[in-house]
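Hi there,

Here is the structure I promised to pass on to you. Have a look at it first, and then read my notes below.

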Amino acid sequence: MKFNRNVLPNKEEKKGLFKKIHLSNNIGDFVFERLTLLFAVSVFLLVLLMGYEMYQSSKLSIDKFGLSFLSGSTWDPVKEIFGALPIIYGTIVSSVLALAIALPLSIGVAVFLAELAPSWLEKPLSFLVELLAGIPSVVYGLWGVFVLVPWIRDYVEPYLSDKLGFLPFFNGAPYGFGLLAAVIILSVMVLPIITSITRDVLKSVPAAQREAALALGATRWQAIKIVLADSRSGILGATMLGLGRAIGETMAVTMVIGNRALISPSLFDPSYTMASVIANEFTEATSELYLSSLVELALVLFVITIIINGLARLLVWSMDRKWRRG
Amino acid sequence: MKEKGFFYYRKKAVNYLMIFLSFAAALAAIIPLAFIFYYTVSKGAQYLNLSFFTQMPKPVGETGGGMANAIVGTLILIGIGGGIGVPVGIMTGIYLSEFGNKKFAAVVRFMADILSGVPSIVVGVVAYTLIVVPMKHFSALAGGVALAILMIPTVTRTTEEMIKLVPQSIREAGLALGIPKWKTTLMIVLRTAWKGIATGVLLGLSRAAGETAPLLFTALGNRFWSTSIGQPIASLTVYIYDYAKSPFEDWNNQAWTAALVLILLIALLSLLFKIITRSKYKTN
Amino acid sequence: MENIISVKNLNAYYEKKSHVLKNVNIDIPRNKVLAIIGPSGCGKSTFIRCLNRMHEVVGGTITGSIELEGEDLMKTDPVLLRKKVGMVFQKPNPFPTMSIYNNVAAGLKLNGTRNKKTVAPIVEKSLKQAALWDEVKDSLDISGINLSGGQQQRLCIARTLAVDPNVILMDEPASALDPISTSKIEDLIFELKNDYTIVIVTHNMQQAARVSDYTAFFYMGELVEFSETRKMFTSPDNKKTEDYISGRFG
């Protein structure tokens, strides 16, 4: 027990003390503390084990392809050539574009919730936004397949190619299934994450900051701008958490992105992400090398999300400390 | 007043414009929510009937049938996930708040945060290599373990936060009565924080119930009745995925019904927890 | 006079940095009320928390010796010790998720006495001793936090009594209460001293004078003066004591 160890009157008494301690009660404490420690250690080891397991299972592919796994642009299960570049491209492009849509919206919603909404409106609205985060990914996908994709195919893509078709981004036949659908659905899915963290970050800025600005004759918006500037690192952290989520999002994306390893500037074209490749091909992978390559893809995804999440947590934490200390 | 010149009005206009935009963003954010709910409820309800809950899926080509196996399968999967994930999460949370030495606790906390950001498909891959490969076949157990791993960070962090909210004086009161620390922690501190922890557990369970990716190649799916944890098992989410992809209209429609049932299941879960955690004592 | 606790050369530290108690020697008489007075930060709370080894819980350490009925405190299991030396805290702290009945029974139940036939009479007796029985006997199953502050504090006293301690430590038990509740607690202390040894920390000199038989004055971590209360408040030996009692500082 922690406090027994602390209270040692002097070294000579140390031995006698431990001997005479009543065992019946302290065994309980001893065992219980060790037991919780054991679980904590297991959580710690679990993350390491995950990395190790995937490394072991992807060794075949790592040895065979080395770095060309990341730079190769052919993903051909039949010829057993696995280069993940188009997949990595699809992952990054879909996530970054989704973020580009979701971020301004999220900040707008967060500002509304934290700064503008009266409290009777804030609570139900926050609840609705959280509900958005609670919808299962596969239900988003279902909605994507039967509602969003037809809408994009029949209205959005024809409109865009008509008006902006001279740009390479809006070029091509309107399939519906493709990058555009994935981007839209992803932006809806990451919005609640960025919103709720940004709202908390904004709320953690002391009221004095706003009052000081308002007292100087600033308008509400000018005061909000100051609060937003103070919250930069927290919002950046929230954005990165959203990015991590978008990169790893599987079901909804798999169902609407079209699933073809292709590098194309057009948003209308089908694409592929790391998560959707794994979801789509894992049970079909017949050869060891194929399976090993898919596990390597999971490993790459694991490492990327760890880095992104690690950075994001550090940013959010640093924000938290800033006001707690000050 | 003289000062109310151009800049004053521009400042005012920008102010109102920005407030309006912020409000518009809030509205825009809930539009997809409304859409998804509208479609899920209207399309799902159309095919919702008793046989959906009591019958097995019909073979390809036949219409009708239900998803009794998938409903039970989902419950079994979250049962396994919760059975493993909840105790691990709660014990780790207790360690972090009550015992943890500062440095190691910070490391564990960081790991839990990292774990919460790992994509669920990656967790599925790990469960595959850890359990499916050695067992040589897909199983409910592998799916349950994957769900457990996904639940652990949520339960851990909520437990820690909720236990930290219990005032120190409550712990001291227990210790001062001559109650050993482990009993004080389990029977007094944990009991005081129980409602908050239950909320975390509920959140973890309902997320687990909605997971698909980690089940695709662990629990796999099963068109037949199975409750064995050593065998592949059906789940609502995997059915939604398979049926949404299928070319049969009847299956597409059943996917909507499955989605509605899934959402109802999650809602039921939270209702159940509300009832369980409702205060035992009257309050004035 | 017979002593129940004997403290020799007690030094207490907090996280190895601050030296909170310096060389305290005191003998606490059995079945009397000892009041500990002194300005804030003088170590009076730390002192009583050493007597049931609660000082350790917040990471404190001590040197010197404390004997309870001739037994070295530091060689006793703290869990067993705390059953003999109960404690009432500054703010009432009933267990919020337990009923009144379970609050009082907690010490017994969680230490293995679960038989209702044994527990129920003890709960009733303790609540009677704490002068709370008449007010709560019809609502034993409501939550303890629904009581008023004064009732909550008496509930905490009943909870302590239920474990049947020899010594009761009270850390400013009335400082968070209104005058009427305070006087009820003081009456209670008067009743309890027939069966228990009570050590009460207070910053209220009148309270010390009213309830205690002996008074100890602590200043800057040292025990300045220890004598019968009547003597302490009429003709203190030490100039510091006199200054403090007459309200010149503190």
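How many residue pairs are in polar contact between domain 1 of chain A and domain 2 of chain A (both at pLDDT 80 or more)? The count is one, where a polar contact is a pair of N or O atoms within 3.5 Å, one able to donate a hydrogen and the other to accept it, and residues adjacent in sequence count only if both atoms are side-chain atoms.

This is a predicted model, so local features need pLDDT of at least 70 and side-chain atom pairs count only at pLDDT 80 or more, while totals for chains, interfaces and linings use all residues. Residues are numbered from 1 along each chain as its sequence is written, chains are lettered from A and ligands numbered from 1 in the order written, and side-chain values use heavy atoms, without hydrogens and water.

Six residues of domain 1 touch five of domain 2 in chain A, contact being heavy atoms within 4.5 Å. The two domains of chain A bury about 480 Å² between them; buried area is the accessible area (1.4 Å probe) that two parts lose on being put together, summed over both.

Now for the two chains. Their contact takes 71 residues from chain B and 76 residues from chain A, and about 6,600 Å² is buried between them, with 84% from carbon and sulfur atoms. On the chain B side, B:Ile36, B:Met91 and B:Phe99 supply 9% of the area buried against chain A, more than any other three residues.

Enjoy exploring!
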